[in-house]
Amino acid sequence: MSYKLIGKNFTPPDVMAKVTGKAKYSEDFRADGMLFCKLLLSPMPHGRVLNIDTSEALKMPGVAGILTADDVPPIPKPATPILTNEPLYVGDPILALAAESEELAAEAIEKIKIDLEPLPFTVDPLESLYPDGPNARSDGNSAGGYGKSGFIDTVKWTARDFAAVKEGELPMGQHKYEWSYGDIETGFNKAKLTLDESFITASTAHHCLESRSAMAYWQNGKCFLHGSVQSQSFAVPYVARYIGIKPEDLVFIAEYCGGGFGSKGVAYPIMAIPAYMSKKTSRPVMIRITRSEEYFLGTARPGFQGRLKIGFSDDGRVTAVDLYIVQENGPYSGGSDYLSAADAISLVYTPENMRFRGIPVQTNTPPRGAQRGPGQNQIACIIEPILDKAAKELGIDRMTIRKINAPDNHTKYGQKQGPVTSAYLTDAIERGAEEFNWQEKKLLSGKRNGSKVIGIGIGQAYHSAGASGYDGLVRITPDGKLHIHTGVGNLGTYSYSATSRVAAEILNYDWENCVIERGDSRKHLPWNFGQFGSNTTFTMSRTNYVAAMDARNKLLEIAAMDLGGTIDEYELKDEKVIHKSDSTRQLSYAAIAQRAIELGNKFDGHEAPEDINDMTKRSVAGLAGTGLIGVAKDNLEKNGTPPALVVGFMQIELDLETGKHEILDYVAVADCGTVVHPMGLSQQIKGGAVMGIGMAALERHVYDPQNGLPANVGLLDSKLPTFLDVPAHMSAFAVDKPDPQNPVGARGIGEPVQGAAAAALLGAISDALGGHYFNRTPVVADMVINAASGRPQSHKPLQVNTF
Amino acid sequence: MSSNVNFYDPGADSALEELEEGTGAARTGLGRNGTSRRAFIKGIIAAGATVSAGFMLHGLAGCTREVPVRGAVERLISLNVNGTVRRVDVLPQETLAMTLRYKLGLTGTKLGCDRSECGACTVLLDDVTTYACSTLTHTVRKSQITTIEGLQAANGDLHPVQQAFIDELGPQCGFCTPGQIMSTIALLKSSPRPTREEAQMALSGNLCRCGAYDHYLNSVMRAAGEA
């Protein structure tokens, strides 16, 4: 299908502010009389506050107020509290203090005396599962499971469970979640090759470059909050709940978000502090979150201690998978990565039979939450090199074994074995192999140049890519402009604007005449899903489509009403409604917008559809009488999971003396339906690859098991990828086949772009080492040197948080 | 990570002297990034900071703690920012990033780490890149300070580097973008036609968690020769 706007590059409207420094992030806002707030964080991994003496601090002139856990509403356990009297990790916020200046607040915090009783703690899930192992919390060691959430219980494995395995094998005691399809015994009996691998993936901090600062004040009973959040409308009810107000009493401003990667998906507790402090002091309050605080509060990707048994027929088909995951879940609710990991395997490798078992275990380390491809990317890092190992043993080409097992439009997905909307991973693999020149490049494997060896890797990854049921809202004003109201948020992917162009496309608008309304709940925004989970492109192109179709119908209706005939006799062209056979009968959009206001009712928002969300209804009411309103709920057909799939091909040179790798080439192909914004897609594929390089070979939580102290809080010690860790050139391509369940054929892509690159790098490192598989992320330089020289690794096989 | 930082040690006594004389490390021309962390901290301590026993509550591996200051007094100084002389009250231990952001309203200079790790606060002192988070304001009284807000022409025309960053869709979330642009401008001043690899090296002190490096490099290469 040919489009005027879809699939074309454009300049998203917020780029100008980003290059001129005018883009305002949460810490860039000021208010008269603004106080500064500082936090007092726990110095120990688990403790109980016995006494807080704030008297010296409160005596200091300029100190305006203190909040402790007793001053803010409790959050139902095991979710992360706003402040706590039982800190569960080093860095858990105990209290907040506001003062006239930040220096004063910091000085006053020093005067506070806290009496803390140390309690047992752990930074290793397996340690907590030992018969007499420590619990991370006084009420248990495992949050969620059994298909439920919002509870905590205690699980201990038996000494027999631990004794039943060989050194380096993951014991598999009582689990809390299980599903299966087919019969794995039959599958393994059918297999020619069965691999049984225990594995570790490290927890990794999000390290958003913008720390989660926030500023709040109250005016006329409403709370005004400037926050750093990926999402806009979807965050409002959750932020309001933290503050203890109704959603309509929150003015929420989140026009720019300096990186979230899942950690700022919706609302998070610390955002409520300036709101409560402002209420207490009757002054605006800014909380500047420091870099170290961002590490503690910014959540982290859960690590896995797992075991994957996988069977292959002699032609490379996966006959059975038996997956077991112990998830390091942090001290609070944690994530569902372990479940997503299993779903991902079921889709990407379409095993004929599969069983999954898993258990989340709490540790006294920062709270866990979704990080780009939560679960899917960890498991990609593990299973992709194992696939290489199988291919090698079976004598099958590594690209071919992936095609043999790749999903298609008829593949069933996950625990429920539901349908997918479409899947073209094979096309992506073939395109990637061609662009990368796989057939020739693979011959370079193991080629030596002094201490350096060539390694070639392939990686695949998946995430679901879209939702339905949210609202779209557009407005044509009497000046002829199209206002696209979008409540999705601005994570930095530009998908808020790329999907807004769907409305312009449907209404045949010149993009210059379109205005995107966003970033502030006062802008009458519709109820939209959050900007996370690779969903925006699919979900928002649907909402903008249905809103534009409603506007289109109203334009035609008014034209037919005023110029005679039926709506079928008219068409939309050049921002006019024109009679198909008599072009003298025409009305401009501007004129019709004016008529819509005169006609009222549904035309100008004085009436709204019944099935739209209350937030959208309030927005429509707020806009009533200002133009022609197009508003609708997305009731379009959706009867499957839209998948986002990526394959990456990488060539590296691995130095066996230093353990360092250099990436010489990276080619990635995305299967994300119709490409709506080529440059934005290129940004996602390549940017995700950079994060994948960090995940595969650089980044990890490092904790001292003796004291529960973190060893790499800052950015430098965390080794985030820099310009020097990435290739000077990367290539991005797309399959570009439309998805049948999206009006413009589009699906999301933001998450698997990371997992594919991470897996490709891990595969390339193993390839350069002649087939040494680590079953661990990250693979850092000293591990490479040890492997290359045949020395044992410095860590134990199942050890986590390693130095 | 901060490979565009060439640390230099001004010696045992010169930090205080610099503070008094307003001759910041950047003005010596010895390092692209001016003040060393050691000199920076020494400068703060000389200016009257206290280090209390509460250190363990905030001071954790790999990250700086906030240094509370007792009895510090602001002093009115003149700064040349973006071609304009601005009069501003500055604390002895105040960093340039804080002065720009909180005293002069120039919030385009971002604070990502506040300890010379990420480069989001990169500004130019006499055309040389400096981390504003780790530069004491008192040390730059004789410098021409350029921030992201100082690049647009009076008629609103963008600097060619800014335009290139738009044309190549350089930014993602945009938080590191001002710093990336400032480093690019400094690079192109000293090396108008860099290779892609030279650009990688020059910008390697500017972290981007979105990983927008490839598009940033496209932007630098587009701007090369035009800036």
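This is a predicted model: local features need pLDDT of at least 70, side-chain atom pairs count only at pLDDT 80 or more; totals for chains, interfaces and linings use all residues.
# A tour of chains B and A

Begin by selecting chain B, where, among contacts between residues at least 6 apart in sequence, 64% join residues at least 24 apart. Chain B holds nine helices and five strands, and if you follow the chain along its sequence the order of elements is α-α-α-α-β-β-α-β-β-β-α-α-α-α. Of the 227 residues in chain B, 57% are buried.

Next, colour chain B by its domain assignment, which gives domain 1 as residues 14–150 and domain 2 as residues 160–223. Where the two meet, 15 residues of domain 1 of chain B are in contact with 13 residues of domain 2 of chain B. On the domain 1 side of that contact, β3 (122–125) and β4 (128–131) of chain B each supply at least two residues, and β3(B) gives the most, with three residues. The residues on this side of domain 1 divide into seven nonpolar, six polar and two charged.

Now bring chain A into view and look at where the two chains touch: 54 residues of chain B are in contact with 60 residues of chain A. To see the chain B side, select α4 (55–58), α6 (160–167), α7 (177–190), α8 (196–202) and α9 (213–223) of chain B, which are the elements that give two or more residues to it. The largest share, four residues, comes from α9(B). By class, the side of chain B that touches chain A has 27 nonpolar, 17 polar and 10 charged residues.

Just after α10(A), stop at T350(A), which takes a positive phi of about 40°.

Further along chain A, select α11 (residues 376–394) and α12 (residues 398–405), whose axes come within 9 Å and cross at roughly 110°. An angle from 65 to 115 degrees counts as roughly perpendicular, and α11(A) and α12(A) are therefore roughly perpendicular to each other. Show the side chains of L387(A), D388(A), A390(A) and A391(A) in α11(A), which meet R398(A), I401(A) and R402(A) in α12(A). By class, this contact has four nonpolar, no polar and three charged residues.

The last stops are in loops of chain A. Centre on N220(A), in the loop between β11 (214–219) and β12 (222–226), where phi is positive at about 50° although the residue is not a glycine. N220(A) is exposed, with 6 other C-beta atoms within 10 Å. Then go to T299(A), in the loop between α9 (291–297) and β15 (300–301) of chain A, which also is not a glycine and has a positive phi, near 60°. T299(A), however, counts as buried, with 29 C-beta neighbours inside 10 Å.

Finish with two cis peptide bonds. One runs from K77(A) to P78(A), with omega near 5°, and P78(A) lies in the loop between β3 (63–68) and β4 (93–99) of chain A. Another runs from T777(A) to P778(A), with omega near -10°, and P778(A) lies in the loop between β35 (776–777) and α22 (781–788) of chain A.

Conventions. Residues are numbered from 1 along each chain as its sequence is written. Chains are lettered from A and ligands numbered from 1 in the order in which they are written. Two residues are in contact if their C-beta atoms, placed from the backbone, lie within 7 Å. Ala, Val, Leu, Ile, Met, Phe, Trp, Tyr, Cys and Pro count as nonpolar, Asp, Glu, Lys and Arg as charged, and the others, Gly among them, as polar. Axes are lines fitted to C-alpha atoms, for helices over the stretch in contact, and angles run from 0 to 180 degrees between N-to-C directions. Angles under 35 degrees count as roughly parallel, over 145 as roughly antiparallel, 65 to 115 as roughly perpendicular and the rest as oblique. Domain bounds come from an automatic or database domain assignment. A residue is buried if 20 or more other C-beta atoms lie within 10 Å of its own, exposed if 12 or fewer, and partly exposed in between; C-beta atoms are placed from the backbone.
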